[in-house]
Each structure stands twice: as structure tokens, then as C-alpha cells.
Amino acid sequence: MIGLISGTSMDGIDVAVADLSINGDAVELVPVQCAEHPFPKDLLEKPRDLAEVCAFDTSLGQAFGEVAAGYLPADLISSLGQTVHHEVQDGDCLGTLQLGQPAWIAERTGVPVVADLRVRDVAAGGQGAPLASTLDALWLAGMVENAPAIALNIGGIANITVVRPGSQPIAYDTGPGNALMDAVMEVLSNGERRQDTNGEFARRGTVREDVLKKLLTDPYYAKPWPKSTGKEHFNAEYLQGFPTVQAEDMLRTLAELTARTIADACRAHDASTVVASGGGMRNPVLVEALTKALDPIPLKISDSLGLPRDGKEAYLAALLGFLTWHGVAGNTPSATGASGPRLLGSITPGDGPLRLPEPVTGPVTKLNVGDPKCVD
């Protein structure tokens with residue numbers, strides 16, 4: 001399996017290669033390789049009209065196809081694409097749009113492609129996110145004998161999956177991850193830098209408690225789950241209503257905002273441990289703030305449990321495609337709010353006719369991550 005995704009931050013195309021199989025009620029996942037490839041610079045701006053939507057869909061599909069071609073041979077490719085719009089009103093997801101046309105991936109590689117994985121959950125009344133809840137719930141099932149364990153991913157938006165003893169998992173977006181910090185860096189550098197690499201600028205700043213207090217009044221944080229959000233809400237324009245402060249102070253304050261809103265959510269579920277992944281874990285200022293905000297709840301990195309922090313979402317894409325290929329529902333209704341389990345995505349044939357395996361008829365209840373063959 002090859003899994004592909006470009007996250008909310010649009011800072012790269014993530015790819016993961018995994019050997020996947022089903023053994024009884026368990027999916028066995030052996031990480032083989034994961035990497036990040038540059039996001040096409042001419043696609044960094046979201047499309048503004050139908051012609052640009054078409055061009056973006058085509059060009060990103062071609063870029064994904066080129067990336068995947070470098071990791072062949074494979075039996076199946078699964079692409080989560082690039083979310084360009086996620087429409088939520090009054091707690092209901094009205095639609096979601098992921099681009100990166102899978103026909104180009106299939107044409108370039110000759111391999112069947114599972115794509116457009118979110119919209120079926122939305123059609124069933126769900127939020128279409130966070131789909132990471134599927135991997136997280138299966139993966140952490142063995143860690144929750146006495147108290148909840150939480151999987152955290154910090155991309156442009158931060159999301160958690162709460163896996164609880166004897167209960168269905170829940171998952172939701174806690175709020176901004178890197179999105180607001182990235183927006184400040186882009187303005188500060190006149191578009192030259194899209195992120196505060198290694199927290200270089202935030203390290204020089206001081207938390208502005210007055211600004212933080214106002215940021216924390218956003219009604220999103222008090223909304224009940226399931227809920228999801230995106231850069232449609234947390235973006236550069238969002239910050240225009242706040243006091244003008246030194247850029248370094250704003251970056252440090254936004255890192256604190258991300259850390260506190262995540263920690264507040266984790267405490268609300270009496271977490272025993274938090275297992276973190278995603279690009280936000282590369283920012284030492286954010287990691288320090290989060291560690292302090294969570295204390296005494298331990299913060300672990302997903303690498304310690306076998307899944308690289310930078311590759312986990314691409315492995316998620318591979319898992320979701322694998323489940324669809326085998327006739328297994330890929331959403332977690334208690335997490336997304338969908339009316340029931342659903343097979344996710346659409347399948348684009350490769351060079352030859354589709355030959356799907358016999359559907360799996362029994363329940364899949366856990367994910368075993370094997371020792372990596374090779375992880376980049």
C-alpha cells in the first residue's frame with residue numbers, strides 16, 4: 001500500500017509505504033517507508049474560480065502521481081488529497097472538498113487508487129473528520145484497560161481521538177494547530193516563509209496574556225463534539241480583530257493557544273496518556289508549552305509506538321484505502337457523528353480491470369503495528 005496526503009498546512013506531500021494484512025480481527029501494519037516531498041509552489045494559493053479549481057485538481061493529481069511512482073511496485077494507492085474547503089455551519093458539515101484528481105495518479109502508476117475518502121461520512125450526517133479516529137481507535141485499543149488514552153495530531157488544525165475503556169471512541173478538532181502561526185509567518189516574511197521552523201521566532205517572544213485571553217473566547221472551543229474546523233475559520237483574516245503586537249510575541253502567544261486548547265480538551269476526558277504526532281511536534285516551543293500545559297499527563301511521541309510522527313497521516317491514508325478495498329467500514333460514527341459505519345471513498349481502476357478481494361465479514365477491532373522494515 002502507498003498512502004498519500006497533503007495536510008491543511010500545505011507544507012508538503014506526505015507519502016507512506018506499508019505492508020498491510022488482516023489476521024482475524026486485527027489489521028497488521030508494517031511500516032516500510034515514509035517521506036515528505038515538496039508541495040508544488042505554484043499551487044500554494046487556493047483556487048479562486050472554477051478554472052483554477054480545475055487546474056489545481058489536475059496539477060495536484062499529477063504531482064501525487066509523480067510522488068507515488070517513485071515508490072512502486074504497489075498493489076493499491078490511497079489518497080486523502082488536499083482539503084481546499086470544509087463547510088461547517090451551526091455544527092453541521094454541509095460539504096467537504098478534497099482535490100488531487102485520482103485519475104492522474106492511476107494513469108501515472110497503473111495502480112488502482114482509493115480517493116475522496118471524507119465525503120461519504122459527510123453524506124451520512126458526519127463531519128468527515130477527524131478520520132484519524134479510525135486508526136487511533138484500533139491502534140490504542142490495548143492501552144485503555146483502566147483509563148482513557150488520547151491520540152493527538154497537530155497539523156494546521158489539531159485533533160484528538162479519545163479511546164475509552166468499555167465505550168465508543170470520540171474524536172474532534174480541538175482548534176488551531178499550526179494554522180495561525182503559519183499565517184503570521186507568511187505575513188511576517190512577505191510570503192517567503194510558510195512556517196516558524198524549529199520555533200525560531202516564537203522562542204524570542206513572550207506570551208501576551210491579554211491577547212491569549214481574547215483568543216480563548218472563541219465560541220468554537222465551547223462547542224460540543226463531534227465538531228470540526230479548518231482554515232476557513234482559523235486564518236490570517238481571523239487575526240485582524242486582535243491587538244497589533246510584535247510578531248515574535250504573537251507567535252509565542254499562538255503556540256500557547258494551541259497548547260492550552262489541546263490540554264483543556266485532554267483534561268476534559270481524564271486522559272491517562274497523550275500520544276502525539278504531526279508537523280506541530282517539530283516545533284520545540286510548542287512541544288514545551290504542550291508538555292507544561294498537560295502536566296502531569298505524560299506526552300509521548302507516536303514514534304515510540306511504531307508510527308513516525310511525520311508519517312502517521314500518510315499511514316492513515318494507506319489504512320483507510322486498505323479497509324475500503326476489503327469491504328470494511330472506514331469511519332468511526334461515534335467520532336465523526338455519522339449515522340452509521342460506511343465504506344469510504346471511490347476506486348479508480350489502474351491499468352487493468354478491478355479485482356477486489358473477498359470482503360471481510362467479521363469485525364476488525366485492533367491495529368497491530370509491526371517492527372518497521374525501513375523508515376525514512
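Begin by selecting Lys-214 and Phe-242: the charged end of Lys-214 sits over the ring of Phe-242, 5.2 Å from the ring centre. A charge sits over a ring if NZ of Lys or CZ of Arg is within 6 Å of the ring centre and within 35 degrees of the ring normal. This is a predicted model, in which local features need pLDDT of at least 70 and side-chain atom pairs count only at pLDDT 80 or more, while totals for chains, interfaces and linings use all residues. Residues are numbered from 1 along each chain as its sequence is written, and side-chain values use heavy atoms, with hydrogens and water left out.

Rings of Phe, Tyr and Trp (its six-membered ring) pair if their centres lie within 6.5 Å; planes under 30 degrees apart count as stacked, over 60 as edge-to-face and the rest as tilted. Across the whole structure, a search finds 6 aromatic pairs. The ring centres of Tyr-220 and Tyr-221 are 6.3 Å apart and the planes stand at 80°, so this pair is edge-to-face. Tyr-220 and Phe-234 also form an edge-to-face pair, with centres 6.2 Å apart and planes at 85°. This pair links distant parts of the chain, 14 residues apart, with both Tyr-220 and Phe-234 in the loop between helix H6 (209-215) and helix H7 (247-268). Helices (H or I, at least four residues) and strands (E, at least two) are DSSP runs, numbered from the N terminus.

Are Tyr-220 and Tyr-221 buried or exposed? Both are buried, a term that means under 20% relative accessible area, with exposed over 50% and partly exposed in between (1.4 Å probe, protein chains only). Tyr-220 has a relative accessible area of 5%, and Phe-234 is buried at 0%. Now select Lys-227, which lies over the face of Tyr-220 at 4.5 Å from the ring centre.

**The nonpolar cores**

Turn to the largest nonpolar core, which has 48 residues. Such a core is a set of buried Ala, Val, Leu, Ile, Met, Phe, Trp, Tyr and Cys residues joined through side-chain atoms within 4.5 Å. Select Leu-152, Ile-160, Leu-215, Leu-239, Leu-254, Cys-266 and Val-274, the residues with the most contacts inside this core. Elements that each supply at least two of its residues include strand S7 (149-154), strand S8 (157-163), helix H5 (179-188) and strand S10 (273-277). The largest share, 10 residues, comes from H7.

Centre the view on Val-274. Leaving aside neighbours within four places in sequence, Val-274 is in contact (heavy atoms within 4.5 Å) with Ile-150, Leu-152, Cys-266, Leu-294, Ile-297, Pro-298, Leu-299 and Lys-300. Apart from this core lies another, of 38 residues, among them Leu-131, Leu-307, Ala-317 and Leu-319.

**Val-207 and the whole chain**

Select Val-207, in the loop between H5 and H6. Beyond its neighbours within four places in sequence, Val-207 is in contact with Leu-212, Arg-252, Thr-253 and Glu-256.

Finally, display the entire protein, with its 10 helices and 13 strands. Buried residues make up 55% of the 376 residues. The C-alpha atoms fill a box of roughly 60 × 50 × 40 Å, taken along the principal axes.
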